[in-house]
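Please consider the structure shown below.

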Amino acid sequence: QVQLVESGGGLVQHGGSLRLSCVASGSIFSIGDMGWYRQAPGQQRDLVATISSVGSSNYADSVKGRFGISRDNAKKTVYLQMNSLKPEDTAVYYCNGNVRDSRSRTTNRYWGQGTQVTVSS
């Protein structure tokens with residue numbers, strides 16, 4: 001069984017910063033692409049940023065220049081550094097990873113449970 005667990009969300013003022021973390025655990029053989037998505041109330045879940053196993057990253061236009069995604073493969077962890085936060089960044093942030101199971105050797109995409117980020121104006 002594979003689990004992704006996010007942490008680091010919270011309440012921050014407009015212009016502030018937060019750093020989200022997501023740790024993968026369980027029967028993991030390897031982890032491919034990882035990413036962060038977010039979902040605001042009444043909205044669809046949208047891509048925020050992704051990072052490949054070798055560190056290539058991709059960002060939504062709305063966060064370019066403000067957010068930075070990184071990963072530590074040894075720790076099976078992906079991070080999202082969020083700077084210059086705006087009220088419109090308020091959402092539940094979800095971690096996502098493409099994980100190959102060490103027992104079944106099948107590859108599946110897993111989601112974390114989400115962490116709330118609230119930016120006050």
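Strand E9 (residues 91–101) and strand E10 (residues 107–111) run antiparallel and are joined by five bridges; strands pair if DSSP finds at least two bridges between them. Strands (E, at least two residues) are DSSP runs, numbered from the N terminus. Within this pairing, Arg100 stands opposite Thr107 in E10. E9 and E10 form a hairpin with five residues between them, and Arg105 in the turn has a positive phi of about 60°.

This is a predicted model, in which local features need pLDDT of at least 70 and side-chain atom pairs count only at pLDDT 80 or more, while totals for chains, interfaces and linings use all residues. Residues are numbered from 1 along each chain as its sequence is written, and side-chain values use heavy atoms, with hydrogens and water left out.

The largest nonpolar core has 30 residues; such a core is a set of buried Ala, Val, Leu, Ile, Met, Phe, Trp, Tyr and Cys residues joined through side-chain atoms within 4.5 Å. Trp36, Leu80, Met82 and Tyr93 have the most contacts inside this core. Among the strands that each supply at least two of its residues are E1 (2–7), E8 (77–82), E9 and E11.

Thr115 is found in strand E11 (residues 115–120). Thr115 is buried, with a relative accessible area of 11%, where buried means under 20% (1.4 Å probe, protein chains only). A polar atom of the Thr115 side chain lies 3.3 Å from the backbone nitrogen of Gly9.

Methods. Helix = DSSP H or I, 4+ residues; strand = E, 2+ residues; numbered from the N terminus. Buried < 20%, exposed > 50% of the residue type's maximum accessible area, 1.4 Å probe, protein only. Polar contact = N/O pair within 3.5 Å; in protein donor to acceptor, adjacent residues only side chain to side chain.
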